[in-house]
Amino acid sequence: MKKTLKILIVSSAILLGGAFIMIYQHLNPSKINIFPQCFTYQYFHLYCPGCGSQRAIHQLLNFDILKAFRYNPLLVMFTPFLIYIFCIYIYNFLFDKNIRIKIFNDNRFVYGFLVLIIAYFILRNVYLPGLEFLHPPD
């Protein structure tokens, strides 16, 4: 791929990402109804692993990590990992490198992550003392 096309694609992605950040930083999903509602919660009244993510992203962009953690602890814990993955993919794309994140090629990691997400989904919907922090505030 030509270098100018790559720069155009990355520039467009940065502009879209900046727009995304501005929208989520300034528009609170708790107060403004332009954001989509969670299908799982809306129809089944179950908190999916992503419930509270929009509000958590808003809080993270406003540097309120504790509130973000209250909305979705899993998202907050994996945010640095997601940023690292994103940076590796951008670097590979721009410089025609093939840096691989070896942990993704390990089946134990993939299955472990799947088990973690399923356990998080179950624990979020079971009302046990001490696990209330997994339920996003309404």
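This is a predicted model: local features need pLDDT of at least 70, side-chain atom pairs count only at pLDDT 80 or more; totals for chains, interfaces and linings use all residues.

Biologist: OK. How many salt bridges does the count come to?
Modeller: The count comes to 2 salt bridges. One of them joins the side chains of Lys 6 and Asp 96, with 2.4 Å from N to O.

Biologist: Which parts does that pair tie together?
Modeller: Lys 6 is in helix H1 (residues 3-26) and Asp 96 is in the loop between helix H5 (73-95) and helix H6 (107-125), so the pair links parts 90 residues apart in sequence.

Biologist: And Lys 6, buried or exposed?
Modeller: Lys 6 has a relative accessible area of 5%, which is under 20% and therefore makes it buried.

Biologist: What does Arg 108 form a salt bridge with?
Modeller: With Asp 106; their closest N and O atoms are 3.1 Å apart. Arg 108 is exposed at 68% relative accessibility, while Asp 106 is partly exposed at 26%.

Biologist: Switching topic: where does His 58 lie?
Modeller: His 58 is in helix H3, which covers residues 53-61. His 58 counts as buried, with 8% relative accessibility.

Biologist: What is His 58 in contact with, leaving aside neighbours within four places in sequence?
Modeller: With those neighbours set aside, His 58 contacts Tyr 24, Gln 25, Leu 27, Asn 28 and Pro 29.

Technical notes: Residues are numbered from 1 along each chain as its sequence is written. Side-chain values use heavy atoms; hydrogens and water are left out. A salt bridge is a side-chain nitrogen of Lys or Arg within 4 Å of a carboxyl oxygen of Asp or Glu. Helices (H or I, at least four residues) and strands (E, at least two) are DSSP runs, numbered from the N terminus. Buried means under 20% relative accessible area, exposed over 50%, partly exposed in between (1.4 Å probe, protein chains only). Contact means heavy atoms within 4.5 Å.
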